[in-house]
Amino acid sequence: MAHIDIQGFLASVENGGAYVEADLLVDLGMRAALGRDGGVDLVSAHMYFNLADRKGAAGAAVYRQDVAQQMTRAEIVQALKAARHWLSLH
């Protein structure tokens with residue numbers, strides 16, 4: 001299985017982030033929500049589902065809402081900031 005360097009995605013505008021498909025973002029959100037790469041990370045899951053929804057992924061908004069029900073308001077704010085930061089780089 002390929003390893004995706006998330007820090008590399010965030011580090012450079014030239015990394016092709018604008019071309020990341022919505023389905024990949026949904027997959028990354030699922031991985032974060034289920035803790036498949038370590039611990040559960042609801043902030044990252046929310047961010048990825050938000051980005052996927054923005055790209056038109058079917059079901060991403062529902063996944064984001066499900067995750068948000070398990071998060072504090074501060075965590076949701078953090079996830080929204082992370083999504084805006086990701087968009088600013090791509």
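Guide: Happy to! For the length, the definition to have in hand is that the expected span of a helix is 1.5 Å times one less than its number of residues. Please keep in mind throughout that this is a predicted model.

Let's take helix α5, residues 73–89, as our part. With 17 residues at 1.5 Å a residue, α5 should span 24 Å, and its end C-alpha atoms lie 25 Å apart, which agrees. Now look at which residues α5 hides: Ala79, Ala83, Trp86 and Leu89 are its buried residues. Around the axis these four take up an arc of only 125°, which puts them on the same side of α5. The face turned away from that buried side carries Arg73, Ala74, Lys81, Arg84 and Ser88, which are exposed.

The protein has five helices and zero strands, so from the N terminus on its elements simply read α-α-α-α-α. Of its 90 residues, 33% are buried. Among contacts between residues at least 6 apart in sequence, 56% join residues at least 24 apart.

Which helix does α5 meet, then? One partner is α3: the axes of α3 and α5 come within 8 Å and cross at roughly 50°. That angle makes α3 oblique to α5, and the crossing is right-handed. On the α3 side, the residues in this contact are Val43, His46, Met47, Asn50, Leu51 and Arg54. They meet Glu75, Ile76, Gln78, Ala79, Leu80, Ala82, Ala83, Trp86 and Leu87 of α5. Ala79, Ala83 and Trp86 in that list are also among the buried residues of α5.

Not counting residues up to four places away in sequence, histidine 46 touches Arg64, Val67, Ala68, Met71, Ile76, Ala79 and Leu80. Ile76, Ala79 and Leu80 belong to the α5 side of the α3–α5 contact, while Arg64, Val67 and Ala68 take part in the contact that α4 makes with α3.

That brings us to α4. The axes of α3 and α4 come within 8 Å and cross at roughly 155°, and therefore the two helices are roughly antiparallel. Here α3 passes α4 in a left-handed crossing. Leu42, Ala45, His46, Phe49, Asn50, Ala52 and Asp53 of α3 make the contact with Ala60, Ala61, Tyr63, Arg64, Val67 and Ala68 of α4. Asn50, like His46, is listed here and also in the contact with α5.

Helix α2 is another neighbour of α3. Their axes come within 8 Å and cross at roughly 165°, so α2 and α3 are roughly antiparallel as well, and this crossing is left-handed. From α2, the contact uses Ala22, Leu25, Val26, Leu28, Gly29, Met30, Ala32 and Ala33; from α3 it uses Leu42, Ser44, Ala45, Tyr48, Phe49, Leu51 and Ala52. In length, α2 has 13 residues and reaches 18 Å between its end C-alpha atoms, close to the 18 Å expected. Its buried residues are Ala22, Leu25, Val26, Leu28, Gly29, Arg31, Ala32 and Ala33. Just after α2, glycine 35 takes a positive phi of about 70°.

To finish, follow α2 to alanine 22, which lies in this helix, residues 22–34. Alanine 22 counts as buried at 13% relative accessibility. Leaving aside neighbours within four places in sequence, alanine 22 is in contact with Ala52, Lys55 and Ala57. Its C-alpha atom is 8.3 Å from that of arginine 54, 32 residues away along the chain, and Arg54 is one of the α3 residues that meet α5. Glycine 56, in the loop between α3 and α4, is exposed, with a relative accessible area of 58%. Glycine 56 and aspartate 23 are 33 residues apart in sequence, with their C-alpha atoms 9.4 Å apart in space.

Terms used. Residues numbered from 1 in each chain as written. Predicted model: local features only at pLDDT ≥ 70, side-chain atom pairs only at ≥ 80, totals over all residues. Heavy atoms only, no water. Buried < 20%, exposed > 50% of the residue type's maximum accessible area, 1.4 Å probe, protein only. Arc of directions from axis to C-beta. Contact = heavy atoms within 4.5 Å. Axes fitted to C-alpha atoms, helices over the stretch in contact; angles between N-to-C directions. Parallel < 35°, antiparallel > 145°, perpendicular 65-115°, else oblique. Left-handed = near helix turned anticlockwise from the far one by under 90°.
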